[in-house]
Amino acid sequence: MEQLETTLAAIAGTDTIEAVEALRVSALGKQGWVSALLKSLGGMSPEERTSTGPRIHAAREAVTAALAERRAALEGAALEAKLAAETADLSLPAPAAPRGSVHPVSQVMDELAEIFADMGFAVATGPEIEDDWHNFTALNMPETHPARAMHDTFYFPDTDAQGRSMLLRTHTSPVQIRSMLAEGAPLRVIAPGRVYRSDSDATHTPMFHQIEGLVIDKGIHLGHLKWTLETFLKAFFERDDIVLRLRPSYFPFTEPSVEVDVGYTLVNGKRVVGGGGDVPGGGWMEVLGSGMVNRKVIEFGGLDPDEWQGFAFGTGVDRLAMLKYGMDDLRAFFDGDVRWLGHYGFGALDVPTLSGGVGVRA
């Protein structure tokens, strides 16, 4: 068919999608020549349809295939041209995504755990809702003991199965009793966690964090305590010039009891821990309490005080964070201000290690 050859040649020579579409309409549309030939089959005799019909159908299939092939070639060429013109600069930085940060208290908790783990201490935990016996009585504070007045306690109206009053623990010291009862001796643990007291100002909050340490063994004395605290504070503040001053004090669960002060100097109005407190421009600052475990506390822990001795110490985690990282107001720790966390927070990969520095910051 002459029309078929002309149409196929025209399709092969088209250079736009629009031209291909126009040729499709002229051949296969309602008024197209292929459509006209198909309609003409209805007026033919059976013999004519048998001889002419296959050629007309073959022409329609040839035109349809040629149109599809040419359309695909033109669309592919258009896509390649578009990709060549619209290049992407992959060297540009990706848009900044919001990043969270590790709270300073969580970071300091990890630092303390790392330091004490290096000295052989395990981490012990206990309930924050505690009973009166573990929180006071087993720590040598019976109901009439005046030391209970030192703790502004949140009590619950409920009692436990033994009729003991329930409360929010005022210190992590109950963990010492639970650890002795559960594990016996020798024992070397730290007890970090949240504690609660009814107190609130720039340096006190109703909920804060403590870490306490307990060592129970044979032949333990104050020299062991002093070495432990000195090693701990040097590692935490990352200074070798830490100077301790031990002052006699009173705690019902230790005897003798000592307050531990560290020397500091003022630098640009900030306290910087290190050096002796008696030097010009220096001073002493209390950082923790400690002492030899009271015989009664050892007995309440299920151990024989004539066989086992020990020392204990405790300090505020929030206060250590304030001293080390220069924070002024304890209440800001609990405000949830993302600007504060952006300034004082730690990156998720700032994992404290003794080799890399327990206070390494990005």
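The side chain of glutamine 176 makes a polar contact with the side chain of glutamate 212, at 2.7 Å. Glutamine 176 belongs to helix H7, and its relative accessible area is 6%. The model is predicted.

**Glutamine 176**
- Glutamine 176 counts as buried because its relative accessible area of 6% falls under the 20% cut-off.
- Apart from neighbours within four places in sequence, glutamine 176 is in contact with Glu212, Gly213, Leu214 and Ala312.

**Helix H7**
- Helix H7 covers residues 174-183, and its buried residues are Pro174, Val175, Gln176, Ile177, Ser179 and Met180.
- The strands against which these buried residues pack are E2 (129-131), E5 (187-196), E6 (207-217) and E11 (309-316).
- Glycine 184 follows H7 and has a positive phi, near 70 degrees.

**Largest pocket**
- The volume of the largest pocket is about 1300 Å³.
- Its lining consists of 49 residues, and those nearest the pocket centre are Glu286, Val287, Thr315, Gly316 and Arg319.
- Two or more lining residues come from each of strands E6, E8 (254-267), E9 (270-273), E10 (282-293) and E11, and from helix H10 (317-325).
- The lining of the largest pocket comprises 19 nonpolar, 17 polar and 13 charged residues.

Definitions and conventions. Residues numbered from 1 in each chain as written. Predicted model: local features only at pLDDT ≥ 70, side-chain atom pairs only at ≥ 80, totals over all residues. Heavy atoms only, no water. Buried < 20%, exposed > 50% of the residue type's maximum accessible area, 1.4 Å probe, protein only. Helix = DSSP H or I, 4+ residues; strand = E, 2+ residues; numbered from the N terminus. Contact = heavy atoms within 4.5 Å. Polar contact = N/O pair within 3.5 Å; in protein donor to acceptor, adjacent residues only side chain to side chain. 1 Å grid on protein atoms, 1.4 Å probe; cavity = no way out; pocket = protein on both sides within 12 Å on 5 of 7 lines; lining within 4 Å. Points joined across faces, edges and corners; volume = space filled by probe spheres on them. Nonpolar A, V, L, I, M, F, W, Y, C, P; charged D, E, K, R; others polar.
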